[in-house]
Amino acid sequence: MSCPANPVLDYNKLKSSLLLTPRARPDVLLDLRGIAYAVGARSILQGVFLQIARGQIVTVIGPNGAGKTTLIKVAMGLLEPNEGQVLRAPDLRIGYMPQRLHVERTMPISVARFLRLGRTVTKEKLTAALARVGADALRDARLQDLSGGELQRVLLAHALLQAPHLLVLDEPAQGVDLKGQAELYRLIMRIRDEQQCGVLMVSHDLHLVMAATDEVICLNQHVCCHGHPEKVSHDPAYLELFGQRDAEMMAFYTHYHRHHHGLAGEVIPHRETDK
Amino acid sequence: MDDFVIRALAAGILVALVAGPLGCFIVWRRMAYFGDTLAHSALLGIAFGLLLDINMQLAVVFACCALAVLLVLMERNKSLASDTLLGILAHSSLALGLVMLSFTPVQVDLLSYLFGDLLTVSTRELWWIGGGALLAMVALYMTWNRLLAITLHEELARVEGLDVARLRLLLMLVMAVVVAVSMKIVGVLLITSLMIIPPATARHFARSPEQMAVGASLAGMLAVCGGVAVSWIWDTPTGPSIVVSAALLFVISALLKARS
């Protein structure tokens, strides 16, 4: 694979998790420096650098097994890197949306109870968070009865209720149909604008997230390329990883729609075409 | 009613009270096999207690807690905590306990340890059971929401600042204490059933985790009363009678649920 060589740095001797000093750069929430992670002899991440600031959306893309989920788990402190440093802003509050939530059938629990778990949430805030993600009607539903897309929205509401400085979203559009995905990414952008939080998300598809991201990191165990989504989409390293599927996705996007779908799948006519 | 029946009922109800909420977590977290493993180690505690001539209840509590810590350490190393290894641990500790009991200076009534001997509960033992149940109840009450959070999604809970490892250890130790004090009620071989059947019964009607916990306690207490009554009237073994009543309640609840 023709990927640019990565800087080989030895951060072994340094403490792996430090606090960012506010003086360094006040708006930086998270700074990953030279992260390496391995399970036994199998290397999963090598020399990964990543920085995310307040109000910035960073998307990690890469094929299956590229180490995307591992990377965000290292970023959140769920996994200890073998090498490198994870620097966090002091008192960083993270809202995490995991890839999936498996709820035992034997556990009777409603959406509202799940959102309130382990914290005090006022009725107004709960209603607002559910409305924000278009899940008002799900409030009293059993958590197990939700469809994949509904569960994603509830998980996003759960993350929002943390009033996070940083939103970490692992494949947020999973189980959501393609039109709903575009809607979801627009929502994530709006949330960023309103709350001025940083967003770190994982996706396996560049074109879906392109409009909603400031920085793309193309990961395949190491950072193959990174930068503005436009730039990355033309990068040889990116094309080598995604070439074929990319062409197919572009074909999908040229398909003409007279309407788009809301988060719940409802039809929303285009204002432009209806005028 | 005689004193010993009142003591038996009190002991059984105390254990059922705490086994309800605890059992919910065992069901939700699929820890039934851990319960069996802990229960089997209780017999090892009895053997040690007799051989070293120390307080029996203390020896059992200690043995269960020691194994609980061992299991938590094993669980951390995920590749080890397989059903197979738990099975090896459970049955070898049961077997080792039985072998060791044959070396004890006094003859022991093995059946009473294996299947419980509720009607012979002494006042002293009742204090132990009450103390253990109260301790477990307070621990569960104080950590209830946090335990629910780690049961739903451990990593989510960790990101939100919960100390998952400590909570898991706590749950395991609570389970060890409850197992240790309930040995007298239904015996080593049937303890897990007292923690699993009542929650499974309550689940049919519960709409929240709390309802399921309370329902499980009620179902457990009802099973204890039924078992003691049956044992009193027809002179059947008390422990197994309690488990049979619990199972009957489960079947009835399943039928009621199916009809509605």
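In chain A, an open sheet of six strands is arranged in the order β6-β7-β8-β4-β9-β10, with mixed pairing. Strands are DSSP runs of E with at least two residues and helices are runs of H or I with at least four, both numbered from the N terminus; two strands pair if DSSP finds at least two bridges between them. Because β6 and β10 (222–227) of chain A each have a single partner strand, they stand at the edges, and one side of each is left without a neighbour in the sheet. From one strand to the next, the twist averages 15 degrees.

The structure is a predicted model, in which local features need pLDDT of at least 70 and side-chain atom pairs count only at pLDDT 80 or more, whereas totals for chains, interfaces and linings use all residues. Residues are numbered from 1 along each chain as its sequence is written, and chains are lettered from A and ligands numbered from 1 in the order in which they are written.

Strand β4 (residues 57–61) of chain A is mostly covered, five of its five residues being buried. A residue is counted as buried if 20 or more other C-beta atoms lie within 10 Å of its own, as exposed if 12 or fewer do, and as partly exposed in between, with C-beta atoms placed from the backbone. A:Ile57, A:Thr59 and A:Ile61 lie on one side of β4(A) and A:Val58 and A:Val60 on the other, and both faces are covered. β4(A) is joined by five bridges to the parallel strand β8 (residues 198–203) of chain A, where A:Val202 stands opposite A:Val60. Four bridges link β4(A) to strand β9 (residues 215–220) of chain A, also in parallel; here A:Thr59 has A:Val216 as its bridge partner. β9(A) and β10(A) run antiparallel and are joined by five bridges, with A:Asn220 partnered by A:His222 in β10(A).

Two helices lie across strands of the sheet. Helix α1 (residues 68–76) of chain A lies across β4, β6, β7, β8 and β9 of chain A and runs at about 155 degrees to β8(A). Helix α4 (residues 148–160) of chain A lies across β6 and β7 of chain A, at about 170 degrees to β6(A). Axes are lines fitted to C-alpha atoms, for helices over the stretch in contact, and angles run from 0 to 180 degrees between N-to-C directions. Helix α4 of chain A includes A:Leu151, which is buried, with 21 other C-beta atoms within 10 Å. Beyond its neighbours within four places in sequence, A:Leu151 is in contact with A:Leu101 and A:Leu146, a contact being defined by C-beta atoms, placed from the backbone, that lie within 7 Å.

The contact between the chains takes 18 residues from chain A and 20 residues from chain B. On the side of chain A that touches chain B, the elements giving two or more residues are β6 (94–97) and α2 (111–116) of chain A.

Chain A averages a pLDDT (the predictor's confidence in each residue, from 0 to 100) of 78, and 79% of the residues score at least 70. Within chain A, confidence is highest in strand β7 (residues 166–170), at 93, and lowest in helix α9 (residues 271–274), at a mean of 44. pLDDT stays under 50 over residues 1–17 of chain A, for which the model has 30 contacts beyond four places in sequence. It also stays under 50 over residues 250–257 of chain A, with two such contacts. Where pLDDT is low, the predicted coordinates should not be read in detail.
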